[in-house]
Amino acid sequence: MIASTPIHHARYLVLGSGLAGLYFALEVADRGPVVILTKHRAESSNTRWAQGGISAVFAGDDSLEEHIEDTLTVGAGLCNRDMVTYAVQRGPTLVRRLAERYGVHFDRVGGDEHAPFELGREGGHSRRRVVHHRDTTGYEIERALLAAAHAHPNITIHEHHTVIDLLSWTKVDGSRGCFGVYALNNAADRVEAFVAPITVLATGGAGRVYRYTTNPAVATADGVAVAYRIGASVGNLEFMQFHPTCLHHPDANTFLISEALRGEGGILRRADGSDLMAERHPMGSLAPRDVVAREIDAELKRSGERCVFLDMTHLDPDYVVSRFPAIHARCMSVGIDMRKDPIPVVPAAHYMCGGIVVDRHGRTDVPGLMAIGEVAMSGLHGACRLASNSLLEAVVLADGAAQACDDFGRGPPDHVSPWNEGAARESDEAVMVSANWEEVRAAMWNFVGIVRSDKRLERGRRRLDLIREEILEYYWKFRVTRDVLELRNISLVGSLIIECARQRKESRGLHYTIDYPTTRDEYAHDIILDKRSGPKA
């Protein structure tokens, strides 16, 4: 059945309401109407949960060159040096803009609003250069930018809208390009079309592809999936960053324990109290995340223990509480006083270093389609992300996209085809969705986790192929729901992660395989996939 489909028009269509999407919207809103779609509440984004901060050079003993070199070192030979240089150079200006133009309250030395920024240090950084708001930096950024967006008359935010697919010029006149989306209005239970010359994917990450993750429920890889289906190039998806330290407690959901705790002197310890990283890396507990996550994984497998411990008990207790009030409160809620008790921690899927291939202005290889923030692969992170470079990349790409977008798309066609449900009916097999959801995430955790092998990857590939056949049949048979759409996306992106990992016959950065345990020069390149070279979409 072809039903009436509401059609909404905008000059700029933004999918996602985190730092990248909101900043872009605010920068272009004076030029014309901006529509932001978000599939839950506007504040529900990965940005909101970012604890550490945003990296930028402000200290007198620091330099742009040192930030660049730290990024390149952690990126393990796969960073795009030009992009790294560009992002690091833009960082200080854009951090000041967040504070001065949009009212983000970063911590200042001595609490004086006119004093220099207070700077933290995290893993892989040789200097203090992490600008923060206590341990709730993302929450503060989200608060300020959302307030500015709600106050701007040209910005409209539609909550509870889940993207189904991008609208393609190929189906109109055979040309390559994007002019909007079909989206499911979850509240009204109907499909609507949103059309615009420029569509910006700012949909965040893919942590929910894995069973254990620091990410909120909305992080289901939607942007990568819809971009791949329209024909955009994606790359380096094998580099999923597992955060080394997430709270491990039977009565608590997965909760991130910021790397900034180790930056302030926290020490990772085994169950017997010995220093886990003392002889494993020159930076000890502040080693890059890929190194620390693998060491924790190896220790748990060797010892049979369920967790390791992050020890803050040797530090000044008043400072620990004032610097990390949210983490302290969360730990106290489950009976852990980090002033006196080591925090039990385990790794969990955290950040996607690959994504949709873009240039420094967020342009994909599909005209009219841009990607910014975690969903994008700009070349900044390479094979492993330097801590707190994520928010930096989000604002740098959003700023670049705002500068370049008006020359990248064209007006939508006069006629937009309504959404065609065909013979789809209401589902009576919802159990299939929940079962396959769990099976995808379990397969990814078990076979495509911190340590991999050819055998594990092949097992994961076969299982996801079977699951995706079921999901595709279900998708065409029943009316779409948010759960089905997210399942369709995580299963596709899971297959893309596996294919990228299968093609990388080496260990580098976040990708470690026991079959190829060393880094190989012939693989010092990106793994790029599209619909012609990758899994069936």
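**Exercise 1.** In this predicted model, V308 stands opposite V345 in β16. Find which strands pair around β15 and how they run.

Solution. 
Step 1. Strand β16 covers residues 343-352, and three bridges join β15 to it. The two strands run antiparallel.
Step 2. Turn to strand β14, residues 267-269. Three bridges join β14 to β15, which spans residues 308-311. This pair also runs antiparallel.

**Exercise 2.** Which residues gather in a patch of negative charge on the surface, and which helix gives the largest share?

Solution. 
Step 1. The patch consists of E439, E469, E470 and E473.
Step 2. Helix α13, residues 454-477, supplies three residues, the largest share.
Step 3. E439 lies in helix α12, residues 430-447.
Step 4. E439 has a relative accessibility of 39%.

**Exercise 3.** Phi is positive in R134 and in N236. Where does each residue lie, and is each buried, partly exposed or exposed?

Solution. 
Step 1. Most residues other than glycine have a negative phi.
Step 2. R134 is not a glycine, yet its phi is about 50°. R134 sits in the loop between β6 (130-131) and α4 (137-151). Its relative accessible area is 38%, so R134 is partly exposed.
Step 3. N236, also a residue other than glycine, has a phi near 55°. The loop between β12 (234-235) and β13 (240-247) holds N236. Buried means under 20%; N236 has 2% relative accessibility and therefore counts as buried.

Note on methods: Residues numbered from 1 in each chain as written. Predicted model: local features only at pLDDT ≥ 70, side-chain atom pairs only at ≥ 80, totals over all residues. Heavy atoms only, no water. Patch = residues over 30% accessible without salt bridge, like charges linked within 9 Å, V, L, I, M, F, W, Y side chains within 5 Å. Areas by Shrake-Rupley, 256 points an atom, 1.4 Å probe, with all protein chains shown as cover. Salt bridge = Lys/Arg side-chain N within 4 Å of Asp/Glu carboxyl O. Lys, Arg positive; Asp, Glu negative; His and termini not counted. Charge placed at Lys NZ, Arg CZ, Asp CG, Glu CD. Helix = DSSP H or I, 4+ residues; strand = E, 2+ residues; numbered from the N terminus. Buried < 20%, exposed > 50% of the residue type's maximum accessible area, 1.4 Å probe, protein only. Pairing = 2+ DSSP bridges.
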